[in-house]
Amino acid sequence: MARVSSPEVELPLPFVPTKRRPLRVIILGAAGRDFHNFNVAFRDKPEWRVVAFTAAQIPDIAGRVYPPSLAGALYPKGVPILPEDDLSNLVRRLRADLVILAYSDLPHTEVMHKASIAQAAGASFALLGPAHTMLRSALPVVAVCAVRTGVGKSPASRRIVQWALERGLRPAVIRHPMPYGDLERQAVQRFVSLRDIDAADCTIEEREEYEPYVKLGVPIYAGVDYARILALVQKGADFILWDGGNNDFPFVRPDLLITLVDPHRPGHELAYHPGEVNFRMADLLVVTKADSAPREGLRQVLANIRALRPRRPHTLADLATTVNRPDLVRGKRVLVVEDGPTLTHGGAPSGAGALVARRLGARAVDPRPYAQGSLREVFAKFPHIDAALPAMGYSPAQVRELEATIRATPCDTVIDATPVTLSRLVKLNKPLAEVDYELRERGPVLEHALNRFVERAGLKDKRR
C-alpha cells in the first residue's frame, strides 16, 4: 500500500492535567473537518476523551452518532452529535475540559463569541492548525482553497484538471468532506461515473462537486477517513488535486497551495476563519471574478495582498459565464437557482445565474413567497439572499421541497446556475436554461506556478 504519514506532530496537551483521567473534549463541527480532526488528533489516544461533536450549518446532522466502527476501540458506543446552540449547557453537563472549533467560514467575531461561551462555562478553547491535522502524501499535491465559500474553487480546480489532462498527466481529486448520510457507508468514497453518484444517494451539494469531475473522466474521492482515502488515491495517479470546501485549509499537506480571493467581498480575506489562514499560507493568490467585480473591490483586495503578502505571486482571473439557451432568458421573467452553500453560509446575495440574468435583461422573480417547507426556514435564516433560490437538497424531502418551490414560482424560465444537472433531480414545469462558468486567468502566472510544480515533482509533460 502507498505510504500515508500522520500529521507532523502529536497534539500536545493544552495544559497540565491535575487529575488522573482523560481530558474531556467537545468538537464543534459541521460533518466534515470535525470528524477529520477527531480521526487524526484524538482517535486511539487514551489521554483524550471526545464526549460529543456538535452540529451547525448543515441540517439534520444533530441527533446522530459518529459510529463505533469509525470512532475506534475507546468509543464502543460511538460519539454523540448534539446541537451546538446548547453549547454552554453541554460544557457543564459533559464536564468538558476543552472545546475545539472545527468548521469553516465564520467571521472572526463569531469565532470569539464561541470561545467566550466555552470559557464562561469553564472550558478552554482551541483551534487545531495545519501541523496537527494535515496528512502527508507520497504523491505531490496541489490544493485549491479560498477566503470565503463561493469564490470559484470548483471552476479553478476543473481548470487545473483540464490543464493536467492536456499534458497527459493523471490527476486524482480529493474533495473536502460532505458526509451527510450513512457515515459508515461513506467512510471512503470513489466516484468515476454518474451511476456511482446515483448509487451513493448523494445530496445536491455533493452532486454539484462530484459530477463535473466524472464528466471529465477523472476520479474523485471523498468521505470520512482521509488517511484511508489518501492511501487509495495514491495507487493510480501522478498527483493529487485537493478541492477545498468552504474556506477551510487542506487535510493533506500541499506542495502548491492556491488561494482564491473574492473582490465582490473585499476585506473578507482578513475577516473570516479559516479563510485568513489560507490567505496567509498561500503560494499563489488568485483574485477571481475580476470581470464582474466593482473597481473598488479589486483595488481593496489587491492592496491587502501587497500589504500582507508582498513576496507571493498573485494574478487576476475572470469567472466567465455562458448560458446554453439565451433566447429563454433574454427579457424574460426568470427564477434563478444558485449554488446553495454560496448563498447560505457563504453569505453571497447571488451568484452566476444573477449575472447572466442581468446581462440578458431578464427580471429575476423573488421565490420567497412561494418557498415550500424547510426552504421558508432557509430564507428566514439567510435574509441577505437576493431574488434567487439556493439549491438546497440535503435530504430527499428537501429535494421535493425544492422541486415544489420551483414549480410554484411564476416565471417564464428557470435558470440553473448550479454545477449539478438540476433537471436530473427535479421535475420541472417550465423551460430550463443552464449556466456554465469557467475560470479564465489573465496572464501566465497560474500556468507558470503549475509548470514549476510539475518540474519539482519530477513529472513529465507527455506532449513533448
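Me: How many cavities of 30 Å³ or more does the count come to by this rule, and what makes a space a cavity?

Reply: The count comes to two cavities of 30 Å³ or more. A cavity is a set of points, on a 1 Å grid over the protein atoms alone, where a 1.4 Å probe fits but cannot get out. Rolling a probe the size of a water molecule over the atoms shows where empty space is left. The model is predicted: local features need pLDDT of at least 70 and side-chain atom pairs count only at pLDDT 80 or more, while totals for chains, interfaces and linings use all residues. Residues are numbered from 1 along each chain as its sequence is written, and side-chain values use heavy atoms, with hydrogens and water left out.

Me: What is the volume of the largest cavity, and what does volume refer to here?

Reply: The volume is about 80 Å³. Volume refers to the space filled by probe spheres set on the grid points, which are joined across faces, edges and corners.

Me: Which residues line the largest cavity, and which classes do they fall in?

Reply: A lining residue has an atom within 4 Å of a cavity point. The lining of the largest cavity consists of Arg 33, Asn 37, Leu 101, Ala 102, Tyr 103, Leu 127, Leu 128, Asp 248, Phe 249, His 273 and Pro 274. By class there are seven nonpolar, two polar and two charged residues. Ala, Val, Leu, Ile, Met, Phe, Trp, Tyr, Cys and Pro count as nonpolar, Asp, Glu, Lys and Arg as charged, and the others, Gly among them, as polar.

Me: What sets the peptide bond from His 273 to Pro 274 apart, and where is Pro 274?

Reply: That bond is cis, with omega near -10°. Most peptide bonds are trans. Pro 274 sits in the loop between β16 (272-273) and α10; helices (H or I, at least four residues) and strands (E, at least two) are DSSP runs, numbered from the N terminus.

Me: What makes the phi of Ala 31 and that of Asn 246 worth a remark?

Reply: Most residues other than glycine have a negative phi. Ala 31 has a positive phi of about 65°, and Asn 246 has a positive phi of about 50°. Ala 31 lies in the loop between β2 (23-29) and α1 (33-42), and Asn 246 in the loop between β14 (239-243) and β15 (256-261). Ala 31, at 1% relative accessibility, counts as buried, and Asn 246 is buried as well, with a relative accessible area of 14%.

Definitions and conventions: 1 Å grid on protein atoms, 1.4 Å probe; cavity = no way out; pocket = protein on both sides within 12 Å on 5 of 7 lines; lining within 4 Å. Buried < 20%, exposed > 50% of the residue type's maximum accessible area, 1.4 Å probe, protein only.
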